[in-house]
Amino acid sequence: MASDNFSSILQNFNDLNKEWHSKRPNLTKCGQLLTKLKIALSSTSLLPTTKYGQDTDALVVARGTLEIGAQWSVAKKDIQSFQRYMTQLKTYYIDYSNILPESPYMYQLLGLNLLSLLAENKLAEFHIELELLPPSEIYSNIYIKHPTTIEQYLMEGSYNKVFLSRGNVPAESYNFFMDILVNTMRDSIADCAEKAYKMLLLKEAGRIFFFNNQKELKEYTEKRGWKTDASQTYYVLREDDEDHEADTFTVDTNKISGYLLEYAREMEKIV
């Protein structure tokens, strides 16, 4: 790589790194710097298309750019962008592991990627990615242990534990995918409730769907199209008169797991 070209890339990377790690990073400015860097890096073959290991300093800069890009994508709530950055980063983390020093952000981002797969209910992909990691890190690294613990809670049907785990994440960026995961759980519970019951007690709704305040609950039920009955005691989940297990949804939260079979079916596919 020409030294003047790398000097320009390094300057842009330093500007990006400084802005991203500032107290209140400007996401628009970071996005512009990322675009500029990606164009420059792609022209020098430093983005992963073929094996390139001649200039470790340049490769570290390219890896650092992608790492900031992945974190920036989460800050922008852009899941597809995050996935694209992670696809490229895995080349540096795996293929270049023998020639590059380990990145301090590697396991944080790999764990974040695992959590994103859980949030999208991609359990097969989750286990494929998990198998690429050293066994010792799976059980000891806090960034990897968090999504594997969440996955275990899902298999057990311990959805209250998943909800409580939102307050115990190893990095702030994990909250984005934890919120998506909790919303996915709510939708799964609601879908099953609508098929099995005609009504849901208002006083139980907040607990069943893990809402801490009535405003959030009201917004969710309105999105689902649920209305209250004349006595303001129940949510009406459906209007039909088909035969179902019961008329009113009053099951305990722990028993809801019996209805959420989607995760179990995904596990069967893996086995």
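In which helix is Ala 75 found? Ala 75 lies in helix 3, residues 56–75. Helices here are DSSP runs of H or I with at least four residues, strands are E runs of at least two, and both are numbered from the N terminus. This is a predicted model, in which local features need pLDDT of at least 70, side-chain atom pairs count only at pLDDT 80 or more, and totals for chains, interfaces and linings use all residues. Residues are numbered from 1 along each chain as its sequence is written, and side-chain values use heavy atoms, with hydrogens and water left out.

**View 1. The whole chain and its confidence.** The protein chain has 13 helices and four strands. Its mean pLDDT is 85, and 83% of its residues reach 70 or more. pLDDT is the predictor's confidence in each residue, from 0 to 100. Helix 5 (residues 106–119) has the highest mean among the elements, 96. Strand 4 (residues 248–249) has the lowest, 55. Where pLDDT is low, the predicted coordinates should not be read in detail.

**View 2. Ala 75 and its surroundings.** Ala 75 counts as partly exposed because its relative accessibility is 39%; buried means under 20% relative accessible area, exposed over 50%, and partly exposed in between (1.4 Å probe, protein chains only). Leaving aside neighbours within four places in sequence, Ala 75 is in contact with Trp 20 and Leu 27. Contact means heavy atoms within 4.5 Å. Glu 172 is 97 residues away in sequence, yet its C-alpha is 9.9 Å from that of Ala 75.

**View 3. The largest pocket.** Its volume is about 370 Å³. Among the residues lining this pocket are Trp 20, Ala 75, Glu 172 and Phe 176. Helix 3 and helix 10 each supply at least two lining residues. A pocket is an open set of points on a 1 Å grid over the protein atoms alone, where a 1.4 Å probe fits, with protein on both sides within 12 Å along at least five of seven lines; lining residues have an atom within 4 Å of a point. Points are joined across faces, edges and corners, and the volume is the space filled by probe spheres set on them.

**View 4. The largest nonpolar core.** This core has 73 residues. Leu 110, Ile 144 and Phe 209 are among those with the most contacts inside it. Helix 10 (residues 174–196) gives the most to the core, with eleven residues. A nonpolar core joins buried Ala, Val, Leu, Ile, Met, Phe, Trp, Tyr and Cys residues through side-chain atoms within 4.5 Å.
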